[in-house]
Amino acid sequence: MQHKTQLTLSFLLSQVLLLTFAEDLECVPGFQQKVFHIEQPSEFTEDQPILNLAFDDCKGNDKLNFEVSNPDFKVEPDGSLVARKNVTEAGRALFIHARSSQTEDMAEIVILGGKEKHGSLKEIFKIEGNLGILRQKRAILLSPILIPENQRPPFPRVVGKVINSDRPEGSKFRISGKGVDQDPKGAFKINENTGEVSVTRGLDREAIANYELQVEIIDATGKSIETPVPLDIIIIDQNDNRPIFREGPYIGHVMEGSPTGTIVMRMTAFDADDPSTDNALLRYNILKQTPDKPSPNMFYIDPEKGDIVTVVSPTLLDRETMDSTKYELIIEAKDMAGLDVGLTGTATATILIDDKNDYAPEFTKKEFQATVKEGVTGVIVNVTVQDEDDPATGAWRAVYTIINGNPGQSFEIHTNPQTNEGMLSVVKPLDYEISAFHTLLIKVENEDPLVPDIAYGPSSTATVQITVEDVNEGPVFHPNPMTVTKQENIPIGSVVLTVNATDPDTLQHQTIRYSVYKDPAGWLEINPTNGTIGTTAILDRESSYVTNNIYTAEFLAIDSGNPPATGTGTLQITLEDVNDNAPYIKPTLAKVCDDAKDLRVVVLEAKDDDLHPNTDPFKFELSKQAVPDKVWKITKINNTHAQVSLLQNLKKANYNIPILVTDSGKPPLTNNTELKVQVCSCKKSKMDCSAADALHISMTLILFSIFSLFCL
């Protein structure tokens with residue numbers, strides 16, 4: 001009731017204001033009355049006049065045309081508003097747009113008692129009160145100017161008028177703001193004398209929906225006489241934008257067997273027109289479904305939300321029986337709430353029917369056969385299954401298991417990822433003499449679990465019969481490798497050991513002969529009949545052919561089959577050390593200055609190629625010297641080192657000093673080595689060892705040499 005009173009008072013006020021200034025007004029183009037109030041009837045009857053509208057463009061109303069915001073109504077050429085059909089609900093307001101060759105205007109019909117309906121121009125323009133109320137600011141009268149977007153030439157075109165009843169003589173109107181002196185500049189202008197507001201070009205509501213200008217009165221000098229008054233110019237939306245689908249591609253998935261009404265996906269289009277009008281009120285529809293089997297109407301789209309749902313029964317949504325698991329829907333979005341006058345846009349929705357594991361894999365036959373030679377490994381047979389599920393999913397991929405007949409784990413089965421076949425392999429060589437036949441029981445399952453109402457049946461197991469073929473196998477040494485320990489330097493012809501090789505082919509009576517295969521040092525031989533291995537040379541632990549005291553050789557055992565088969569045996573001889581290597585010293589050359597204050601000449605190190613206890617501790621000593629020659633001294637430092645020193649300074653010369661070193665073997669071995677000592681002149685930190693005056697040889701060395709000759 002309050003709303004009704006407010007609207008009535010607004011209407012009366014507008015009429016009073018218009019009458020007050022009627023004497024100053026010329027013909028104002030547009031509706032002569034812009035706001036009407038009617039009661040909501042129980043029904044608007046088809047073709048029954050509701051009210052008459054008076055429109056005058058002041059130029060004869062050439063090419064006058066009316067448009068009504070609600071398509072259920074129309075305006076006859078004489079201005080009568082009628083319903084196109086019986087209408088029980090028209091909303092709270094109707095808006096009439098009139099356009100002639102000269103001007104256009106908007107009128108509002110308020111329906112008292114009507115219910116709010118989408119598309120009200122109050123929502124469009126977001127203004128208070130009624131469009132017909134004049135705003136008064138001092139002496140300036142103006143109302144919001146409504147301009148439809150996309151007007152066609154000619155321009156400029158008068159769209160409204162500012163009225164001032166008390167304007168001083170010589171004063172002028174001036175407008176400013178966005179669309180005049182601000183970007184987009186020059187869209188509007190005002191006749192400075194009459195106050196007529198004109199638009200200079202077509203406007204786009206989607207670019208700018210409303211303009212807020214300032215109107216003021218200025219004197220001849222351009223000085224403002226009154227405070228500027230706001231002028232609202234509202235751009236009326238036209239349905240000039242088609243709905244578009246901006247978020248593609250649109251791909252949805254639905255599981256096979258899904259219940260009727262399952263939501264697959266949502267299609268949402270965008271319309272750039274005013275969202276508060278029917279120009280952007282979209283309705284969705286399926287234009288075409290490809291393929292059209294098993295039903296041409298597999299899916300439905302909610303016309304308002306755009307949700308695509310299934311409408312067929314779960315039994316029809318069976319992926320394994322469908323000709324195609326991909327459906328393409330041509331979706332149409334139409335504005336104007338789906339009316340015929342609406343603009344449309346289309347997009348393609350692709351729907352994929354996803355597989356669920358509702359088919360158990362089955363072997364293509366109950367029994368498979370395979371043949372394999374003994375001693376061979378690798379794939380021996382491919383077992384095959386069939387599965388109606390999607391090959392790209394775990395509902396199709398097979399997992400095989402050997403559930404019986406494989407106690408020794410000689411077999412394994414793996415899935416071929418390309419063919420889904422089971423590749424049965426021998427991983428441990430089979431022995432014909434132990435078993436010539438094997439029977440395996442294999443089961444198959446899917447990677448994904450079956451759906452609750454499906455189970456694996458008898459066809460998900462199969463038998464594999466494997467026949468092992470006999471081959472001539474080479475003899476086998478026992479043990480292998482063969483190990484023995486011997487002292488080095490044992491006499492040539494000594495027996496090392498007798499090898500033992502047997503033929504695995506117990507059902508064949510064959511003889512075995514032996515031969516040397518690898519003997520790096522050439523120390524061994526083998527009796528071809530009984531396998532006795534003997535020495536043909538001295539076994540030397542210190543030889544380069546011996547590693548970590550072990551000498552390794554290989555022998556062959558060859559059976560009498562046709563063709564003969566060969567087995568290889570390895571012999572490892574651990575050689576025990578004997579004291580057969582005399583020690584030696586390092587270094588054998590030393591230098592010392594003739595005026596040296598430190599008479600220590602050199603530290604000697606003793607080494608021995610034998611092993612402990614045939615090595616250190618070593619005994620160091622000088623060969624016995626004559627008294628006049630007694631100028632050298634050797635002192636033991638530890639078990640392996642000794643210090644050689646001078647007892648006095650010597651003249652520049654080369655001296656050969658006999659050094660005796662003895663190991664700890666039993667019996668011990670002694671080595672006599674000459675240590676060459678060069679006595680050099682040293683000046684200014686330089687040592688000169690050239691041109692020795694004489695070679696001084698220890699008398700002891702001479703006597704030792706003579707003694708050695710007599711002992712030979």
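Hi everyone, let's start with a sheet: four strands, open, in the order S28-S35-S34-S31, with mixed pairing. Strands here are DSSP runs of E with at least two residues, helices are runs of H or I with at least four, and both are numbered from the N terminus. Two strands pair if DSSP finds at least two bridges between them. Strand S28 (367-373) and strand S31 (398-404) stand at the edges with a single partner strand each, so one side of each has no neighbour in the sheet. From one strand to the next, the twist averages 30 degrees; the axes behind that angle are lines fitted to C-alpha atoms, and angles run from 0 to 180 degrees between N-to-C directions.

As a reminder, strands of a sheet pair through backbone hydrogen bonds, either parallel or antiparallel.

Before going on, a word on what you are looking at. This is a predicted model, in which local features need pLDDT of at least 70 and side-chain atom pairs count only at pLDDT 80 or more, while totals for chains, interfaces and linings use all residues. Residues are numbered from 1 along each chain as its sequence is written, and side-chain values use heavy atoms, leaving out hydrogens and water.

So how confident is the predictor? On pLDDT, the predictor's confidence in each residue from 0 to 100, the protein chain averages 86, and 89% of the residues score at least 70. Two stretches stay under 50. One is residues 1-25, for which the model has 23 contacts beyond four places in sequence. The other is residues 697-712, with 15 such contacts. A contact means heavy atoms within 4.5 Å.

Now the whole chain. The protein chain has three helices and 54 strands. Of its 712 residues, 44% count as buried, where buried means under 20% relative accessible area, exposed means over 50%, and partly exposed is in between, with a 1.4 Å probe and protein chains only. The accessible surface comes to about 37,400 Å², and 51% of that belongs to carbon and sulfur atoms; these areas come from the Shrake-Rupley method with a 1.4 Å probe, and for residues only the protein chains shown count as cover. Among contacts in the chain with a separation of 6 or more, 67% are between residues 24 or more positions apart.

Let's zoom in on Leu 497, which sits in strand S38 (residues 495-498). Buried or exposed? Leu 497 has a relative accessible area of 18%, so this residue is buried. Not counting residues up to four places away in sequence, Leu 497 touches Met 482, Gly 531, Thr 532, Ile 533 and Leu 571. S38 pairs antiparallel with strand S42 (residues 532-535) over three bridges, and Val 495 has Gly 534 in S42 as its bridge partner.

S42 has another antiparallel partner to show you: strand S41 (residues 524-526), joined to S42 by three bridges. Here Ile 526 has Ile 533 as its bridge partner. S41 and S42 form a hairpin with five residues between them, and Gly 531 in the turn has a positive phi of about 80 degrees. Looking back to Leu 497, its C-alpha atom is separated by 9.6 Å from that of Ile 526, 29 residues apart along the chain.

Next, the cysteines. How many disulfides are there? With a disulfide taken as a pair of cysteine sulfur atoms within 2.5 Å, the count comes to two. One is formed by Cys 593 and Cys 682, with sulfur atoms 1.9 Å apart. Cys 593 lies in strand S46 (residues 589-593) and Cys 682 in strand S52 (residues 670-683), so the pair ties together parts 89 residues apart in sequence. The torsion about their S-S bond is about -90 degrees, so this disulfide is left-handed. Both Cys 593 and Cys 682 are buried.

The other joins Cys 680 to Cys 689, S to S 1.8 Å. That link is right-handed, with 105 degrees about the S-S bond. Cys 680 counts as buried, at 0% relative accessibility.

One last stop: Asn 61, in the loop between strand S4 (55-56) and strand S5 (65-68). Asn 61 is partly exposed, with a relative accessible area of 23%. Leaving aside neighbours within four places in sequence, Asn 61 is in contact with Phe 55, Asp 56 and Ser 100.
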